[in-house]
Amino acid sequence: MQRRRIKGIGVTAAIDAGRLASMANAIRALAMDAVEAANSGHPGMPMGMADVATVLFTRYLKFDPEAPDWPDRDRFVLSAGHGSMLLYAVLHLAGYARPTMEDIRQFRQLHSPCAGHPEATELEGVETTTGPLGQGLATAVGMAIAERHLNAIFGADLVDHRTFVIAGDGCLMEGVSHEAIGLAGHLGLGRLILLFDDNGISIDGPTSLATSEDHSARFAAAGWHVEVCDGHDVADIDRAIAAALADPRPSLVRCRTIIGFGAPTRAGSEKTHGSPLGAAEVAGAKARLGWTAPPFEVPEPILAEWRRAGARGRAARKAWEARLAAHPEAAEFARRMEGRLPPLDLAIAPANVASRKASEMVLEKVNAQLPETIGGSADLTGSNNTRTAGLALLTKATPGGRYLHYGIREFGMAAAMNGMALHGGIIPYGGTFLVFSDYCRPALRLAALQRLGVIHVMTHDSIGLGEDGPTHQPVEHLMALRAIPGLVVYRPADAVETAECWELALMDRQRPSVLALSRQNLPALREAGGPNRAAGGGYRLVEARGTRRVVLVATGSEVAPACDAAALLEAEGIGCDVVSLPSWTHFLARPAEERLALVPPDVLRVSVEAGITLGWERIIGADGLMIGLNQFGASAPAAVLFRHFGFTGEAIADRVRTRLANGHEETEGRNRGARAW
């Protein structure tokens, strides 16, 4: 059997080496069997990291398969999600209810919980959805932040666990790893341990083709503790993990491994990374490993050892439950971990303020009523208005604080927010400019995929930000965000609507939200009080006084000029409604008859939004009048830009007059009853 001896590292005394080797080989065998059966997958990583995973799960990780949601369990994140069979194998072997062996047989098949990459919504024991490299590590940083924060709030009797990550070369090449590593080191997250599958191989071949970084120096420079071990020597793995646990800094453990360990001709090669080994290579590998069991079978003595390892945390879990029952804050702890909200009063008085300022006014109430919020910003606190009065900073020295300065790390911030939400007990919100949602997008997508109730405050939402110019003026971003399934985008028109959108975002614990907010002041259009009108996604803000001929549908800062346009048209005898549409998601979820009642097809339907018009046909039909911005902006004061690009009441009214004069209503009459949806 192959054995890599690492220069400078001695071999320590064996610690049940034979037993652990057999247990590790069970992971390798199941990984090979599942990938072969699916004719698809990544066998190399599970085969290479099987020894490390075995040491971790049998000697260190605190968990109980009988209570997979135990709040004080250690979190394990497989950042190298392509190696999913390592995790599925371990969960099955350790005694989780699922995956069953039949689930593993159906690896990568429709309706199997054993998806190609781990999905947190499919299996208990999968702490986060991974696959896009680097995000698992960045998400784990959020989990580690959550643990330290809740430990500071509730004490070690209730919160005292670690976060372990397995990551590969690809995770560390991705740029988000730099953001995550820097943030973790700065915050001194000593309960975060990264086990690096240091096999020197990527899809194209040796990693030396693309990188020559010194990872030990890189992590040390960021404030991490670094260990190196032979990833196929269980005693050395044990030593390195023990050293990591003893150090107060976050730790990198470089596990020098051989990808596809055991494969007779492909071990150490990129050929084992993302393809089945083939029957002959599998047979040869099993022979080298001494594995004689048929496919998808684990010998009873080995399975029994794994089940004993899985039961190892049961006593600790029961002792924790007893401490919780006797704890004076048990009810509050349970409320936060279960995501139950108390009654909220977020109403604010109408005001002529920017919606970002209105958001700050709402947040004063949110943070006073919800102690589980942790806010932050990617170095734009004063612009995003995300830190409220009295909100203490969350730092290395004060982990009980509730506001994080993420630095210029938008992607890292969004991924860390996902980690906090996955950990439980925290409602994270974070701020940046809307144009920088591009940096956050991969984490926003995973938040939606995992149904996480994170809240993103994205300000400076249009050309209304003014002089910073087109590099900072979002044009395509609202539509790009609306295109993500399960992500709810809110663009409120005034202060009252901003409060309503915040309420909806907080109440929705199963979907991520983006609040797109203005830099410039907006006039008050609504009175406070009454039901949440934004809950339906759209509502009639202004009703035609005469016969309705036009419906203007607008969002955010363009609602006010739409109201101005309606007043001009009404003065000319043209009946005009104005519909404020703060949320497409909520509006499109309503029954068709309700939507048609607001935006009927027998009138001129007009959309008004300072962004691209792509997609508005869903709301106003393909023959509606779309007033938008299908080009980049310019550098000038906001008022000048709104006049220049036609987002004034007079400009909107003129566009409507022109369309009506060109016989729109005759066309509409022939298509009466046509729907936009």
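How many of the 14 residues of helix 16 are buried? In this predicted model, 13 of the 14 are buried, so helix 16 is largely enclosed by the rest of the structure. The helix covers residues 410-423 and spans 20 Å from its first C-alpha to its last, close to the 20 Å expected at 1.5 Å a residue. Directly after helix 16, G424 adopts a positive phi of about 95°.

Strand 8 (residues 373-377) pairs with strand 10 (residues 427-433) in the parallel sense, over three bridges, and S377 stands opposite G431 of strand 10.

Strand 10 runs parallel to strand 11 and is joined to it by five bridges; Y429 has I455 of strand 11 as its bridge partner. Strand 11 also pairs with strand 13, again in the parallel sense, over four bridges. In that pairing, I455 has S513 of strand 13 as its bridge partner. The path from strand 10 through helix 17 (residues 437-450) to strand 11 makes a right-handed β-α-β unit. Five of the five residues of strand 11 are buried, so this strand is largely enclosed by the rest of the structure. Both of its faces are covered, with I455, V457 and T459 buried on one side and H456 and M458 buried on the other.

A second open sheet, of five strands, has the order 14-16-15-17-18 and mixed pairing. Strand 14 (539-542) and strand 18 (625-627) are its edge strands, each pairing on one side only. The twist from one strand to the next averages 30°. Strand 14 and strand 16 (residues 575-580) are paired in the antiparallel sense through three bridges, and R540 has V579 of strand 16 as its bridge partner. Helix 25 (residues 649-661) lies across strand 15 (548-554), strand 17 (604-608) and strand 18. Relative to strand 18, helix 25 runs at about 160°.

The largest nonpolar core contains 66 residues, and I145, L192, L194 and L481 have the most contacts inside it. Helix 5 (residues 135-154) supplies the largest share of this core, ten residues. Leaving aside residues up to four places away in sequence, I145 touches L183, L187, L189, L394, L404 and M420. A second, separate core has 64 residues, including A38, V55, C114 and A235.

S177 belongs to helix 7 (residues 175-187). The relative accessible area of S177 is 0%, which is under the 20% limit, so S177 counts as buried. With residues up to four places away in sequence not counted, S177 touches L137, C171, L172 and R218.

G116 is placed in the loop between helix 4 (101-105) and helix 5. Its relative accessible area of 18% is also under 20%, and G116 is therefore classed as buried. Apart from residues up to four places away in sequence, G116 touches G81, H82, S84 and R108. Between the C-alpha atoms of G116 and P206, which lie 90 residues apart along the chain, the separation is 24 Å.

In helix 10 (residues 279-289), the buried residues are E281, V282, G284, A285, K286 and L289. The buried residues of helix 10 pack against helix 1 (17-38) and helix 2 (44-60). Just beyond the end of helix 10, G290 takes a positive phi of about 75°.

Key
Residues numbered from 1 in each chain as written. Predicted model: local features only at pLDDT ≥ 70, side-chain atom pairs only at ≥ 80, totals over all residues. Heavy atoms only, no water. Core = buried A, V, L, I, M, F, W, Y, C linked by side-chain atoms within 4.5 Å. Buried < 20%, exposed > 50% of the residue type's maximum accessible area, 1.4 Å probe, protein only. Helix = DSSP H or I, 4+ residues; strand = E, 2+ residues; numbered from the N terminus. Contact = heavy atoms within 4.5 Å. Pairing = 2+ DSSP bridges. Expected span 1.5 Å × (residues − 1). Right-handed = clockwise from strand over helix to strand, strands pointing away. Axes fitted to C-alpha atoms, helices over the stretch in contact; angles between N-to-C directions.
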